[in-house]
Amino acid sequence: MFWCEEVAAQCHGPQIINDSKTPSGRVHVGALRGVLIHDAIFRTLRSKGIEAKYLFGVDDYDPLDEIPAGKDEHFSQYLGQPLCNVPAPDGSDATDMAEHYMGEFWGVFRELGVEVEPYRMRDIYRSGRFNNAIDTILRHADVVRRVYKEVSNSDRPPTWYPFQVVCENCGRIGTTEVFAYNDGKVSYRCREDLVKWARGCGNQGSVSPFDGRGKLPWKLEWVAKWITFPVTIEGAGKDHSTKGGSRDVASACLRAIFAKEPPANVPYEFFLVGGAKMSSSRGLGASARDMADLLPPEVLRFLMIRTKPNSPVNFDVNEDGIVKLFNEFDRYHTRVTRDKNATPDEALVYQLAETRQKGDYFLPNFQLLSTLAQMPHLDPMLEIQKRHGAPLTETECHALERRLKSAAFWVEHYAKEEEKTRLQESLPASHVTLSVTQYAFLQRLGGALANVAWEDDQLQAAVFETARLTPIDQPLAFKAIYRVLLDKDAGPKAGNLFAYLERAFLQKRFLEVPLDKAIFWKETALTQEQLVEWMVLQKPKIASYEHAIQSAECGHVLELTVTMLDGKKHMRRVWLPESVESTSVLSALV
Ligand SMILES: [Zn+2]
């Protein structure tokens with residue numbers, strides 16, 4: 001059973017899903033995993049007719065405990081204050097820091113089609129919605145202390161209370177500790193040395209803990225959310241879900257104080273983006289926003305949803321990684337919408353990835369698109385439309401535009417120099433790394449292209465046939481093509497690429513490589529014994545063959561062109577000793 005289905009199978013009655021984020025800086029790409037896991041569960045429940053809500057909380061009453069990269073000057077004075085009370089960085093239209101960073105994240109939600117009921121902790125606390133939970137928890141502070149000890153083996157002194165007040169003097173919340181709760185008031189002090197990252201003012205006071213004057217520590221805040229909303233499903237990252245970890249502590253507090261069962265957990269592993277380049281000085285690649293710029297929504301959703309939550313998602317943004325991801329998505333797309341041979345799991349993943357069902361539509365291959373996008377003389381949008389045959393639908397135009405954007409973003413921000421695909425204006429110097437047989441293949445291909453219909457499939461077929469007639473192993477043949485055209489080892493499907501280039505340009509390039517026939521023959525000629533052995537082995541598959549003698553200064557070879565029953569032609573060649581007549585070699589073969 002697919003993982004979302006497993007979660008749904010455990011659900012009885014209406015469900016309330018909850019997730020949240022602390023907006024203490026640009027939201028990291030890793031936060032998308034939880035968002036999309038919960039969204040997949042939400043959609044699965046809805047599709048089964050189960051009533052469900054997806055709540056998403058902004059934990060903006062958390063203290064500022066770390067300054068976003070490069071923003072020391074603005075933020076350092078506010079360390080320890082609730083995020084919602086910290087002014088937004090210069091140039092921002094947002095009312096405060098929390099809104100500033102959440103604004104970008106909400107934008108990603110919209111693009112990904114994630115529809116949540118948002119709430120902000122400032123509103124929850126200030127409106128008094130948590131007053132009952134706060135009162136109950138504070139009256140059971142001894143129970144909380146006992147649970148902390150039993151579950152996570154952490155000692156809290158008898159004067160410790162699970163609450164932090166917003167200091168009436170300095171406005172910090174991260175520096176205060178409560179040491180008593182009597183008659184609806186907490187007694188607190190604002191300590192200089194409570195935490196390393198902020199300095200309290202030394203103020204002492206007694207104040208009501210209600211209506212936004214303070215907050216619960218986050219493990220108890222979890223409890224208050226679960227009991228108040230009330231939450232039935234909330235997944236947590238694996239770092240919180242370990243034995244004795246924060247999730248266990250919160251669950252034990254809920255049971256001990258409220259005698260309720262915690263929501264279903266869906267522990268999930270990290271979302272890793274391969275390569276150390278992610279946190280480079282350019283600061284690009286590490287945020288959720290960057291990932292949403294790089295990948296179209298359906299591909300990003302696909303990446304997150306197809307993997308079970310308890311396995312890490314490791315996405316490599318190198319060329320291989322991104323091409324593989326798009327190709328995988330396209331494979332699901334084709335199997336589900338065109339060939340109708342998808343497994344039930346594949347169909348579910350695809351449906352959850354596409355936020356609205358579009359049926360079958362044309363998706364241009366990403367690698368080809370990325371290559372075309374890097375060719376300055378081409379307008380890929382126009383070329384693809386031209387070659388597609390039928391006019392593109394609105395969905396197809398949109399998909400094409402979005403993929404072009406992905407390709408451009410990838411090239412600009414992620415591609416290493418050697419991964420960039422530049423059509424070479426002239427034969428690149430690195431052609432000298434090719435073997436003589438590869439040169440021979442290219443020359444033969446240059447000749448063969450004279451008579452090929454300029455269509456992807458025919459061009460691709462010509463490449464294969466030329467490889468068999470050289471003969472050369474296919475991977476070496478393709479490497480030769482990419483080397484002389486793109487100055488690299490790999491590229492999009494050759495037939496597709498050729499179709500976008502001029503016949504004369506390709507022929508000239510392939511024919512201009514040097515060729516030393518003597519060495520070529522030495523590299524490819526068989527001994528007579530090898531040739532006989534090959535012919536014997538192939539005999540049942542051979543339809544016909546013809547021969548020709550080629551001569552050069554270095555000697556003579558007999559070239560045998562063998563046509564197989566499947567119509568494919570193969571070439572085998574053998575040296576002719578000066579003294580032996582070709583006819584005698586041939587008779588030896590037959
Ligand atoms: Zn203070």
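Which helices each supply at least two residues of the lining of the second largest pocket? Before selecting anything, note that this is a predicted model, in which local features need pLDDT of at least 70 and side-chain atom pairs count only at pLDDT 80 or more, while totals for chains, interfaces and linings use all residues. Residues are numbered from 1 along each chain as its sequence is written, and side-chain values use heavy atoms, with hydrogens and water left out.

Select helix 12 (319–337), helix 14 (366–373), helix 15 (380–388) and helix 18 (456–469), which are the answer to the opening question; helices here are DSSP runs of H or I with at least four residues, numbered from the N terminus. Helix 12 gives the most to this lining, with five residues. By class, the lining of the second largest pocket has seven nonpolar, seven polar and eight charged residues.

Next, select helix 2, residues 31–47, whose 17 residues reach 25 Å from the first C-alpha to the last, close to the 24 Å expected at 1.5 Å a residue, where the expected span is 1.5 Å times one less than the number of residues. Because 13 of its 17 residues are buried, helix 2 is largely enclosed by the rest of the structure; buried means under 20% relative accessible area, with a 1.4 Å probe and protein chains only.

Finally, select W534 in helix 23, residues 528–538. W534 counts as buried, at 14% relative accessibility. Leaving aside neighbours within four places in sequence, W534 is in contact (heavy atoms within 4.5 Å) with V562, M564, H570 and R572.

Key: Buried < 20%, exposed > 50% of the residue type's maximum accessible area, 1.4 Å probe, protein only. Nonpolar A, V, L, I, M, F, W, Y, C, P; charged D, E, K, R; others polar.
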